[in-house]
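Here is a set of questions about how contacts in a protein model get their names. Each answer sets a value against a cut-off.

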Amino acid sequence: MVSLFPLGPPAAAQDVQNDKAELLFHIAQFIEWPSQLSKQNQFTFAILGEDELASVLAATMSQKSINGKSIFVRCIRRPADARDCHILFIAGSDEKRIPEVLNALRGTSVLTVADTVGFAAQGGMVDFLLEDSKVRFEINREQAKRARLKISAKLLALAQIVVHQEP
């Protein structure tokens, strides 16, 4: 089987962070946003909070492009500031704000991502997990569908699909 994401086993914690950043970049390439966002001149990636992965994501994403559009990375303090972005990464430092963030983005087409166990089950869209020294990801397909995001079947085939668990 050919992998969409060429990630080998990580050698160290920094490699894991780099793998997650590369994985998120590849994930973004397999998602289709509604026309109002796809018509923008650049691809906007927002980061809420600070942690090691947020720093790696900022460095990685700012050097790449998606669908021929340069990626503009911006750090935000308020969840509402991400309403016009393509992707929002919620850093571990802001994990306690997840319910507030998801509520603020309800009705938007922002792909929400966190490196928090169970984030997708909490109503987020994508989270990462480490299995057998490899970075994997979970997708909450229903939440993405509500946000009017179309996820490639190829991407869904590689993801663990989770369902939002009501409290």
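The questions below concern a predicted model.

Q: Why are Trp 33 and Phe 43 called an aromatic pair that is edge-to-face?
A: Their ring centres are 5.1 Å apart and their planes are at 85°. Centres within 6.5 Å make a pair, and planes over 60 degrees apart count as edge-to-face, so both parts of the name apply. The structure holds one aromatic pair.

Q: Where in the chain do Trp 33 and Phe 43 lie?
A: Trp 33 is in the loop between strand S1 and helix H2, while Phe 43 is in strand S2, 10 residues apart. Trp 33 and Phe 43 are both buried.

Q: What makes Glu 22 and Lys 64 a salt bridge?
A: The closest N and O atoms of Glu 22 and Lys 64 are 3.3 Å apart. The cut-off is within 4 Å, so the contact counts. Glu 22 belongs to helix H1 and Lys 64 to the loop between helix H3 and strand S3, 42 residues apart.

Q: Why does Lys 64 count as partly exposed?
A: Lys 64 has a relative accessibility of 25%. Buried means under 20% and exposed over 50%, so a value in between is called partly exposed.

Q: What makes Asp 84 and Arg 74 a salt bridge?
A: The closest N and O atoms of Asp 84 and Arg 74 are 2.9 Å apart, and the limit is 4 Å, so the name applies. Asp 84 lies in the loop between strand S4 and strand S5 and Arg 74 in strand S4, so the pair ties together parts 10 residues apart in sequence.

Terms used: Residues numbered from 1 in each chain as written. Predicted model: local features only at pLDDT ≥ 70, side-chain atom pairs only at ≥ 80, totals over all residues. Heavy atoms only, no water. Phe/Tyr/Trp six-rings, centres within 6.5 Å; stacked < 30°, edge-to-face > 60°. Helix = DSSP H or I, 4+ residues; strand = E, 2+ residues; numbered from the N terminus. Buried < 20%, exposed > 50% of the residue type's maximum accessible area, 1.4 Å probe, protein only. Salt bridge = Lys/Arg side-chain N within 4 Å of Asp/Glu carboxyl O.
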